[in-house]
Amino acid sequence: MRGSMNTLVNIMTKTARNPDRRVRRVSRRGDTRQDLLSGALKLLDEDKSLDSLSLRELTRHVGIVPTAFYRHFPGMDELGLALVEESFRVMRKIFADVRNDTGSTDRIIAGVVKSLVTHARKNRLHFRFVASERYGGNPGVREAIRNGMRLLQGELALELARFPYLKEWTANDLQMLAALLVNSMTMIAEEILEQRGLDKYAERELMEVAEKQLRLIVLGIPHWRSGATG
């Protein structure tokens, strides 16, 4: 009995001397790579840029030794690229939510806005990361975000081509329309992020404005002569 009590006292004493010991054990049991990604997003939410976030600060936050970081990423730049990939995977869910909707244009627009608001709220840190690093100081991450935006626009252009009244449009014009829609949705998402803590009435008002913005773009579609040069 006394031996067991001494063991317990020793464990408690060691933990008190090293308060991060318990945290590191939890991290090792879980997905450390995901812990690093999630931890970086949380730290970047504190008005930090990726370039100002140090490896030591991140590993201390996650609860691992700095050398353990390199088991998952060659460096902080590669972690940033992984965050871009994860963020755009989240953003693609917006289109997935309305992909099979064959209703009216107004209904599809309302569905897109609803999905955008839902995912921006649920994945606020991912959207904020893209918004802040889109023009940030890390050139590799900045280029990856640009590529992600282009890929998103390309995927949307393919989705738009399935609508009967857009089947005669050229690929370039579909890309242009997709770019207008994605850029508008990006601005809407940034507005949502800035307006944290909205009540239901204010959120509904924001969604109505967003729907009008997208509808305004769509209204020009029937009057556009695809492929025309002047």
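## Basis

The model is predicted: local features need pLDDT of at least 70, side-chain atom pairs count only at pLDDT 80 or more, and totals for chains, interfaces and linings use all residues. Residues are numbered from 1 along each chain as its sequence is written, and side-chain values use heavy atoms, with hydrogens and water left out.

## Largest cavity

The model has 4 cavities of 30 Å³ or more. A cavity is a set of points, on a 1 Å grid over the protein atoms alone, where a 1.4 Å probe fits but cannot get out; lining residues have an atom within 4 Å of a point. Grid points are joined across faces, edges and corners, and a volume is the space filled by probe spheres set on the points.

The largest cavity holds about 370 Å³. Its lining comprises 20 residues, of which Ile108, Val112, Leu160, Phe163 and Leu181 are the closest to the centre. Two or more lining residues come from each of H6 (76–98), H7 (105–122), H9 (139–160), H10 (171–194) and H11 (200–219). Helices here are DSSP runs (H or I, at least four residues), numbered from the N terminus. H7 gives the largest share, 4 residues. The lining has 16 nonpolar, 1 polar and 3 charged residues, where Ala, Val, Leu, Ile, Met, Phe, Trp, Tyr, Cys and Pro count as nonpolar, Asp, Glu, Lys and Arg as charged, and the others, Gly among them, as polar.

## Second largest cavity

The second largest cavity holds about 90 Å³. Among its lining residues are Met91, Ile94, Phe95, Met149, Val182 and Ala189. H6, H9 and H10 each supply at least two residues of this lining, and H10 gives the most, with 4 residues. By class, the lining of the second largest cavity has 10 nonpolar residues, 1 polar and no charged.

## Packing of H3 and H4

Helix H3 (residues 32–44) packs on helix H4 (residues 55–62) at an angle of about 110°, with the axes 9 Å apart. Axes are lines fitted to C-alpha atoms over the stretch in contact, and angles run from 0 to 180 degrees between N-to-C directions. H3 is therefore roughly perpendicular to H4, a class that spans 65 to 115 degrees.

The contact (heavy atoms within 4.5 Å) involves Asp35, Leu36, Gly39, Ala40, Lys42 and Leu43 of H3, together with Glu57, Leu58, His61 and Val62 of H4. These residues divide into 5 nonpolar, 2 polar and 3 charged.

How values were computed. On a 1 Å grid over the protein atoms alone, a cavity is a set of points where a 1.4 Å probe fits but cannot get out, and a pocket is an open set with protein on both sides within 12 Å along at least five of seven lines; lining residues have an atom within 4 Å of a point. Angles under 35 degrees count as roughly parallel, over 145 as roughly antiparallel, 65 to 115 as roughly perpendicular and the rest as oblique.
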